Amino acid sequence: MVADSQRHLWVIGGTAMMSFTSLIAVWGRDPLHQDLVFALASPSLAFPLGTDHLGRDVFARLIYALPRSIGIATAAMATATVFGTLVGLIAATSNRFVDSLLMRLTDLALAFPGLLLAMLMAGLMGGGALPVLLGIALSQWPQFARMTRSITVTVLTEAHIEASRLAGLAEWRILLRQVMPRILSQTMALATLGVGGAVLTISSLGFLGLGLQPPTPEWGAMITELLPHIDVAPIQIAAPCIALFLTVLAFMAAGRRITEQK
């Protein structure tokens, strides 16, 4: 019964996501179009979530910001996953000096607050998608490096690995066939959880004015722009907050689901 209920929830969630994606595809309103005549207009059939202080459709900006935020977050986590996994593999298969050096560098990177590092990169490079992507990737790779090293060291001490070596199997084949599947099964869950956190980081940078630059639709920037008008436009400012909450929650639930299946 529990398994059936979970499957039904996933079907409902998938259907909702497909419906939302279809809605994005057919919604033709320009998220950058300004019309001061309709500034801070209340929700209506023409503007489902109202308009902002420049008369731009909040719903259009909300749905156009979704694939951009998820795309940057996914690219950042993919970069962090690949780089961190390589560092972990090198550390686990190298001599003690290289292993110790790489792990101390990883510890140093872990000690640096992730959001602060992303802010530093965005500030130095002037904001935009690339600095945000690099900042998130640089703050997330250490966890993949430590996890990869731990898994690799553990697997390489197992009896069947020694048997493979005695059979003449090359070291790189052992890593590819017997170590990498273990690593990938764990990094998938960690990366999925990380995408949710990355979306939140992107919005945090946008809120501070260090993320995607105007007039590009972005949830954090939308919140900042509407804060002075919160008394007359509560729905408009609540919309990106709710969208951010639901998106992060969806990725956290997906990551947890992947973890439970291991």
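In this predicted model, helices H3 and H5 cross in a left-handed manner. The two helices pack at an angle of about 145°, and their axes lie 9 Å apart. On the H3 side, the residues that meet H5 are Asp99, Met103, Thr106, Asp107, Ala109 and Leu110. Their counterparts in H5 are Trp141, Pro142, Gln143, Ala145, Arg146 and Arg149. Sorted by class, this contact has six nonpolar, two polar and four charged residues.

A second pair of helices, H2 and H7, can be read alongside the first. H2 passes H7 in a right-handed crossing, and the two pack at an angle of about 140° with their axes 8 Å apart. From H2, the contact draws on Ser69, Ile70, Ile72, Ala73, Thr74, Met77, Thr81, Thr85, Leu89 and Thr93. H7 contributes Leu175, Met180, Ile183, Thr187, Ala191, Gly194, Val195, Ala198, Val199 and Ile202.

H7 itself, spanning residues 171-207, is not straight: the helix bends by about 45° at Val179. A proline, Pro181, follows within four residues of the bend. After the helix comes Gly209, whose phi is positive, near 80°.

The structure holds five salt bridges, and Arg56 takes part in a salt bridge with Asp52, where the closest N and O atoms are 2.8 Å apart. Both partners are buried: Arg56 has a relative accessible area of 3%, and Asp52 also stands at 3%. Because buried means under 20%, Glu225, at 22% relative accessibility, counts instead as partly exposed. Glu225 is another salt-bridge partner of Arg56, with the closest N and O atoms 3.2 Å apart. This pair links distant parts of the chain, since Arg56 sits in the loop between H1 (2-26) and H2 (58-93), whereas Glu225 belongs to helix H8 (residues 219-226), 169 residues apart. Through shared partners, salt bridges join Asp52, Arg56 and Glu225 into one network.

Asp57 also has its place in the loop between H1 and H2. With a relative accessible area of 2%, Asp57 is buried. The C-alpha atoms of Asp57 and Ala39 are separated by 9.4 Å, and the two residues are 18 residues apart along the chain.

Note on methods:
Residues numbered from 1 in each chain as written. Predicted model: local features only at pLDDT ≥ 70, side-chain atom pairs only at ≥ 80, totals over all residues. Heavy atoms only, no water. Bend = angle between axes of the 7 residues up to and from the residue. Salt bridge = Lys/Arg side-chain N within 4 Å of Asp/Glu carboxyl O. Buried < 20%, exposed > 50% of the residue type's maximum accessible area, 1.4 Å probe, protein only. Axes fitted to C-alpha atoms, helices over the stretch in contact; angles between N-to-C directions. Left-handed = near helix turned anticlockwise from the far one by under 90°. Contact = heavy atoms within 4.5 Å. Nonpolar A, V, L, I, M, F, W, Y, C, P; charged D, E, K, R; others polar.
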